[in-house]
Each structure stands twice: as structure tokens, then as C-alpha cells.
Amino acid sequence: MSLGYHPLVKQLLDGELSLAELPPELRAEGAEALRLVGAVDRTPVVLSPALDDRVMAVVRRHAASRTRRAWHWVTAPRDVELRLRLRPLVWAGALAIAAGVALLLLRAPAVTPVPASLVRSGARDSVFVRFVLYAPGARHVALAGTFNQWDLNAAPLARAGSSGVWTTTLALPVGQHQYAFVVDGERWVADPAAPAIDDGFGRRNSMVAVTIRGARTL
Amino acid sequence: MGLAGDATDSEVVRAVLGGEVERYAVLVHRYRDRYARYAARMLGSLDAGEDAVQDALVRAFDRLADCREPDKFAGWLFLILRNRCYAERRRRQREGRPLDERDDAVAAADRPDGTFEQTERMRALERSLTHLTPEQREVFVLKHIEGLAYDEIAGRTGATVASLKMRMHRAYDRLRDLMKEHL
């Protein structure tokens, strides 16, 4: 049969009473109780020196896979079929759906920084191509390319929330196009997610191939 | 912002969330040992405690965006570690593997300055702690090993002082029963 400590002895263990404050008949029980809690081992526990490296190795992997997931989300094909021969009313509806999808894409939260990228939405003669650049410190980002005669003002990117991601969606004709991002009106940046080619003037341009099946970087 | 080691938790958390993943090493280094004793005592083994701390630090990184008060990162990390310890105990119970009461990594080592009787009592207490409920064990560890007051334990765990005292007083009775040959 177990015998619990007297409530006053428990107060002693809690530090609310001293041994001298206990009634004489409880002092032996109190002394025993103090031996019990006096047996605790308060030696500091020091973990392996390698723990920091192990944690950081996992953290780096998780950070990379998070970026990959965000990247996959951005680059996953989302087809929007625009049927050019439809009657005007249906055509307007299709456009509204396309605009809605584009809006959703733009408003979706970017949980981690993502590299620049593009996604596609297919149409019969042109394709909506979404361009994305992660530039958290930028004040202005534009897209210039062969499709807009390298006009710095023709295709500004919009900031997607406060995540540092800038995006724009353009309808590009079928064919191959060279492009680059222009940050703050002066810094030309090739798409980090696409292979770049030398433009013959010391700059690097990215390439995108647009077909009726979609768009892909070259 | 100061040097990495001088930066506040809040500054480091914001930097990591801003994409500076390597800055997380500051928090890892800062907190790796702070809760190690708690984890080791809760799980009855140094190895299990180390696994729990490692896992908690990784989980904290994964959920860092949920840390609403970055200046209270330490308390937030403790809650993650605490959940991890409770989950580990539940998992072991499901698998029929109770805490290892033989584990000598946490149990008192032989002390040149201690008597045989004291050392035996220390080991007996470590073994006895494994027989408490997780809640009783936690309040005992936090009060008598970590040296926290009831109101501090309440602040960390979210329990009321009254319920903590009730758990502790039951733990005293249970420990007295388990330790009767050593007192």
C-alpha cells in the first residue's frame, strides 16, 4: 500500500515551507522527502557538437525543396484554350476565364523566394506566357525582348505582394523569342531559370520557344 | 543589425524568413543545449533527447513563418520540443517500448564526490521518473531539475498553477512509493 506525503510536506518540497516550520511530528517525513528531491541530477546535458551541422544540413535540404515546390507550382502548365472561332459572347466568357486564371496565378502567395521562370497557357495562334522574376530589392522590373522590340516600357512586371516576386503575362505569337528582364531601368538580367545566349554585344539573353502546345525555355 | 552572434532572435528570424537560410545556424547554436536536459529527462535517454532537439529545431525552421512573435522564439521552440517529446512517448507506448529506465546516459554518473548511497539514490530517482505520467514527469523536471517556479512553468506550458501543483503532488506520492527502498 502506498503512503502519500502529508500536504505540509508537499509544501516543503514546493519550497513554500522550511523544515523548521513543519510540526515536529512531520519533520522526519520532511527530511525523507528532501532526500528524495535532493537526489535529482542537475548536471547540464551537452549535445553532440555535430548537431548544429546535422540540423543545418536538413534545413538547407528543406529550404531547397521548398523552393523546388514553389518553382514547380509556378512552372506547372496551366492550359487555357481560347477558341478563336467562337461567337462573341462565348469568346468574351473564355477571355474572362483566362483573365480569372491569370489573376489567380498572380494573387497566389509565394511561400518562398522563387527563381525567375515562365509558365504557359496555350491558345491556337498565340500563347499566354507568364514571366516571373524574384527580385526583392527592385523598385521596377520590365520585360524586354524580340516580341516588343526590346522596348523597356512595353511590358512592366507587377509585384506579387511583398514576396519579392515580380510577374507579367504576355500573349506571344508562335515562334522563338529572346528576352531579358530589366531591373530599375538599367540592369539587364537574363532569366536565371532559362538557358542564356550571347547577344553579340556582351549581354546574355534568354530564349523561349512558343508553339501551339505551349511555351518552353531553350 | 549586429554581428550574427549578437543579433536578437527577432532579427535572426526575420533574416531567415527573408531568405538568409544560413542565419538559422545562429538560433541552432543558441538553443541546442538550452532545452537538452529537459528533452533528455523527458525521454529518459540522452540519445532520444538529442534526436528530439534536432527534430524540434528542424520543425521550427519549417514553420518559422508561423512564429508570430519572433522575439519569443525561445518559448515557441520549447513548445515544439515539448510536443515532440510527448509524441515520442506516445509512439513508444503504442509500440510497447516504454522509456528506457536502464539508460545510464542520463542517469547519474558515478561521482567521485558522492557516496555510493547518494549515487544509487540518484539512479533510483532517474528510473522512478520514467514511471510517472508524462505530465507529472514534465512538471517535476521543470521544477526540480530546471529550477523553474510554478508560474514560470505555467507560462511555458499553458497549464494553470493549480493543475501543475496537483500533478506535482501526485508525482511526489508516486515517487515516494517507487523510491521507498532508497530513502
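Let me start inside chain B, with helix H5(B), where the buried residues are Phe73(B), Trp76(B), Leu77(B), Ile80(B), Leu81(B), Arg82(B), Arg84(B), Cys85(B) and Glu88(B). Please keep in mind, everyone, that this is a predicted model.

So what lies over those buried residues of H5(B)? The cover includes four helices of chain B: H1 (9–17), H2 (24–31), H3 (36–43) and H4 (46–62). As for length, H5(B) covers residues 73–94, which is 22 residues. At 1.5 Å a residue the helix should span 32 Å, and its end C-alpha atoms are 31 Å apart, so the two agree. Just past the end of H5(B) you will find Gly96(B), with a positive phi of about 70 degrees.

Stepping back to the whole of chain B, we have nine helices and zero strands. Reading from the N terminus, that is simply α-α-α-α-α-α-α-α-α. The chain has 183 residues, and 42% of them are buried. If you take the contacts in chain B between residues at least 6 apart in sequence, 63% join residues at least 24 apart.

Now, how do the two chains meet? On the chain A side 29 residues are in contact, and on the chain B side 35. Which elements of chain A give two or more residues to that side? They are H1, H2 (27–37) and H3 (51–75) of chain A. H3(A) makes the largest contribution, with ten residues. If you like to think in residue classes, the side of chain A that touches chain B has 17 nonpolar, eight charged and four polar residues.

Chain A also has strands, so let me show you how some of them pair. Strand E2(A), residues 126–134, runs antiparallel to strand E5(A), residues 165–173, with nine bridges between them. To find your place on screen, look for Val127(A), which sits opposite Leu172(A) of E5(A). E5(A) also pairs with strand E4(A), residues 158–160, again in the antiparallel sense, over three bridges. There, Ala158(A) has Thr167(A) as its bridge partner in E5(A). E4(A) and E5(A) make a hairpin with four residues between them, and Gly161(A) in the turn has a positive phi of about 65 degrees.

While we are on phi angles, have a look at Asp184(A). Its phi is near 55 degrees, a positive value in a residue other than glycine. In general, most residues other than glycine have a negative phi. Where does Asp184(A) sit? You will find Asp184(A) in the loop between strand E6 (175–183) and strand E7 (187–189) of chain A.

Last, a friendly word on confidence. Chain A averages a pLDDT of 76, and 70% of the residues score at least 70. Within chain A, helix H1(A), residues 7–13, has the highest confidence with a mean of 95, while strand E1(A), residues 117–121, has the lowest at 44. Over residues 103–123 of chain A the pLDDT is below 50, although the model gives that stretch 73 contacts beyond near neighbours in sequence. Residues 79–86 of chain A also stay under 50, with 18 contacts beyond four places in sequence. Where pLDDT is low, the predicted coordinates should not be read in detail. Thanks, everyone!

Methods. Residues are numbered from 1 along each chain as its sequence is written. Chains are lettered from A and ligands numbered from 1 in the order in which they are written. This is a predicted model: local features need pLDDT of at least 70, side-chain atom pairs count only at pLDDT 80 or more; totals for chains, interfaces and linings use all residues. A residue is buried if 20 or more other C-beta atoms lie within 10 Å of its own, exposed if 12 or fewer, and partly exposed in between; C-beta atoms are placed from the backbone. Two residues are in contact if their C-beta atoms, placed from the backbone, lie within 7 Å. Two strands pair if DSSP finds at least two bridges between them. pLDDT is the predictor's confidence in each residue, from 0 to 100. The expected span of a helix is 1.5 Å times one less than its number of residues. Ala, Val, Leu, Ile, Met, Phe, Trp, Tyr, Cys and Pro count as nonpolar, Asp, Glu, Lys and Arg as charged, and the others, Gly among them, as polar.
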